[in-house]
Amino acid sequence: MSFKSQASAVVASGDTTKTSLGTLTIPKLCKRITGIWAYAVGGAGLTTLENVSGIVELESPDINLAPLQLPLDVVTIVTSGSAAFSPRVWNVNIPVSGGEEITAYVTIDMALTIASTCRWGLIYD
């Protein structure tokens with residue numbers, strides 16, 4: 001087997017508002033999605049009173065994914081201004097035929113004092 005992956009661009013999280021992280025198109029020769037990953041990043045200005053946590057939701061007009069909601073890892077800030085980066089890979093087995101589009105959305109659990117960003121991606125064969 002030969003696994004491949006695809007990643008979205010970095011997008012502002014939108015904090016407590018459901019925000020699109022972008023759409024990825026499954027390559028034509030793919031047969032199944034084997035992994036989904038996502039992370040939220042904090043940065044300068046993040047305080048010890050804030051945690052970075054939330055959910056990622058995947059939606060598709062081409063594949064029945066509903067409901068597919070995945071929790072981001074909770075990242076606790078221990079010093080002011082520290083970065084938070086905790087990607088997680090969820091193992092899945094979603095059959096595809098190629099050409100399908102999947103859009104990821106993120107909702108952060110609390111408003112943050114910084115402009116946090118997120119990215120997501122797929123692993124497939």
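Start with the open sheet: select strands β3, β10, β6 and β7, and you have 4 strands in that order with antiparallel pairing. Here a strand is a DSSP run of E with at least two residues, numbered from the N terminus, and two strands pair if DSSP finds at least two bridges between them. At the edges sit β3 (19–25) and β7 (69–71), each pairing on one side only. From one strand to the next, the twist averages 25°, taken between axes that are lines fitted to C-alpha atoms, with angles running from 0 to 180 degrees between N-to-C directions.

Before going on, know that this is a predicted model, where local features need pLDDT of at least 70 and side-chain atom pairs count only at pLDDT 80 or more, while totals for chains, interfaces and linings use all residues. Residues are numbered from 1 along each chain as its sequence is written, and side-chain values use heavy atoms, leaving out hydrogens and water.

Next, select β6 (residues 54–59) and β10 (residues 101–108), an antiparallel pair with 6 bridges. Click on Val56 and you will find Val106 of β10 opposite. Strands of a sheet pair through backbone hydrogen bonds, either parallel or antiparallel.

Now show the side chains of Lys18, Glu57 and Glu59, which are linked in a network of salt bridges. A salt bridge is a side-chain nitrogen of Lys or Arg within 4 Å of a carboxyl oxygen of Asp or Glu. Glu57 meets Lys18 at 3.8 Å, N to O. Glu57 is in strand β6 and Lys18 in the loop between β2 and β3, 39 residues apart. For Glu59 and Lys18, the N to O distance is 2.8 Å. Buried or exposed: which is Glu57? At 13% relative accessibility, Glu57 is buried (under 20% relative accessible area; exposed is over 50%, partly exposed in between, with a 1.4 Å probe and protein chains only). Lys18, at 42%, is partly exposed, and Glu59 is partly exposed at 34%.

Move on to β11 (residues 117–124), which pairs with β1 (residues 4–7) in the antiparallel sense over 4 bridges. Gln6 has Leu122 as its bridge partner there. Strand β4 (residues 32–41) also pairs with β11, antiparallel, over 8 bridges, and Gly35 stands opposite Ile123.

Finish by selecting Arg32 and Asp125, a salt bridge with its closest N and O atoms 3.0 Å apart. Arg32 lies in β4 and Asp125 in the segment after β11, so this pair ties together parts 93 residues apart in sequence. Asp125 is buried at 14%, whereas Arg32 is partly exposed at 29%.
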